[in-house]
Protein chains: 2
Amino acid sequence: MNKLNPATRRLALAALALTLLAGCRQDSNPLPSWNPTSSRQAVIDFVKKVTDHGSPHYVAPADRLAVFDNDGTLWPEQPLYVEVLFAADQMKAVASQHPEWKDTPAFQQVITGSPDAILGLEGKDQFAVAFAVHSGMTTEAYANAVDVWLATHKYPRFSKSYLDVAYQPMLEVIAYLRANEFQVYSVTGAEVGFARIANAKSFGIPSDHVIGTLLKTTFDPTVNPAQLVAQPDVLLVDDGPGKPASISNVLGRRPLAAFGNSDGDLPMLQWTASGTGLRFAALVHHDDADREFAYDRSATVGHLDKALDAAKEKNWTVISMKGDWKQIFK
Amino acid sequence: MNKLNPATRRLALAALALTLLAGCRQDSNPLPSWNPTSSRQAVIDFVKKVTDHGSPHYVAPADRLAVFDNDGTLWPEQPLYVEVLFAADQMKAVASQHPEWKDTPAFQQVITGSPDAILGLEGKDQFAVAFAVHSGMTTEAYANAVDVWLATHKYPRFSKSYLDVAYQPMLEVIAYLRANEFQVYSVTGAEVGFARIANAKSFGIPSDHVIGTLLKTTFDPTVNPAQLVAQPDVLLVDDGPGKPASISNVLGRRPLAAFGNSDGDLPMLQWTASGTGLRFAALVHHDDADREFAYDRSATVGHLDKALDAAKEKNWTVISMKGDWKQIFK
């Protein structure tokens, strides 16, 4: 080892240290924010079975792929998706540069109404606000705007920064899977440029492990640096059947484990769970009105109905926020 | 280290061995199939500058991203893209299951004509053949058909298996970049399901590092396992301005280095080269009619005109297959 140059030696020692740490972590309680329930045990049993060389369910590290929905699965989504709350604030902030927005009643309502005006709009108008704000921005300028907003605003109900409202028990599942050589990807209905900043800052998931809704873009080589500019047209909605399609587009393989919380996640869970060999599918059930929110079959945002029936029929894991989690936020 | 369990110890030793190997490899000639030309030196100089901690151009490993076009950059594309040659063979093979194909003159020509009939079709009809063959197949069945075909057919001109016609000098560049902690991605106009098999088998690039043209899919949860089924509609053509858009969609960041060979790669090279800091852009120039092919400004397949002008203007590296490469194929 002493024959190596200093940089290579440092790298070798770092690799060794990381491996030792990974070994240690597996021996302690990997999910300390969970109560000792059957949901917690289901996660642990699955991971042990697919990582134990002696198990008939053993899966090689290269095929250990886990996917996580974002809104309602890794952080809250009530009363409205964080991306839409950002878009409403952003629309107000830059309205003076867009006099044409006055001609659209929904936009005018957001610009001149109360801070909650966005909540009064129909779903399609809420997304129209998001697209209008995004359209014409370069990918880099948009990412910067999201970054600044997330760091300087608080989640309405909890008076906590958006950087601090990730669900601690789910972050522990992500860390536990990674310690067991899983690749962890976010698969979200949010536009991917928004989702990348949120994932990096709030969930510790890097840009190239985030799959989201795609907008059409145009490429402008005449500016320096050359830029991609967002258009107000959706290319692919990463929700419902768009989730397995998007995962296949980006990764070309079926996940081994999938975590969601709404009917929009059902196709992703079906696709994951029906693969050959042992698979894992779980739903986060929002049943804790005191500490977070309680909603399922009658909710507009985070509607959970068919997926709850499917979970019962297929014996998927339904995670009770109230019963399974000691702590909600990080 | 003896306190670790055997699996963890093996992992630690493997990590150490890999790091030592990476250290050794950097010291020997990383590009043995290249002549000692300025192109070879440009690749080496770039890599040294962005990996040397003392250099003003140093880039952290997390930002070391290199992208490679496939057809004409990593393997031949004359007289026609490999994907289209596969599609023509596949159309003949399964024609009896598709009596409706008889109604389309171009398809009928492929089915009943000579093995070269596909060459006589217009570009749009060639791609119509590819879409017709693919449409209605599950992603998994399609991947299997491509896999079998690639392993059992030969490249027309070279009497070599498709698994053996990758350009050896480019494989060495990929290995050299990886040894220097670059992430290497394929970015190809071929449909991504086809490209994934070709990349895994011919270039050693894994599925989740392949970006390609996307078809629309439908999701069928009623079969077991649930399946994604290709539709005959293109979602996003990963060529021209579609290349930076696709890279941004999948990775969310601008590459540090890009390798292409045609005008279809120009936006990817412009986007890469115009980023801040030191960047690398290169074109493979097909100027070796004896050992491979010679074509550029007047070619239909692999048309290289504006990108060649841009390379001269911007001082990008133009790789001469004739002058720079000792050996063409692996």
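Two strands pair if DSSP finds at least two bridges between them; strands (E, at least two residues) and helices (H or I, at least four) are DSSP runs, numbered from the N terminus. On that basis, seven strands of chain B form an open sheet with mixed pairing, in the order 6-5-4-1-7-8-9. The model is predicted: local features need pLDDT of at least 70, side-chain atom pairs count only at pLDDT 80 or more, and totals for chains, interfaces and linings use all residues. Residues are numbered from 1 along each chain as its sequence is written, while chains are lettered from A and ligands numbered from 1 in the order in which they are written.

**Sheet of chain B**
- Strand 6 (227-236) and strand 9 (317-320) of chain B each have a single partner strand, so one side of each lacks a neighbour in the sheet.
- From one strand to the next, the twist averages 30 degrees (angles run from 0 to 180 degrees between N-to-C directions of axes, which are lines fitted to C-alpha atoms, for helices over the stretch in contact).
- Strand 5 (residues 210-220) of chain B runs antiparallel to strand 6 of chain B, and six bridges join them.
- T218(B) stands opposite V229(B) in strand 6 of chain B.

**Helix pair of chain B**
- The axes of helix 6 (residues 139-152) and helix 8 (residues 192-203) of chain B come within 9 Å and cross at roughly 45 degrees.
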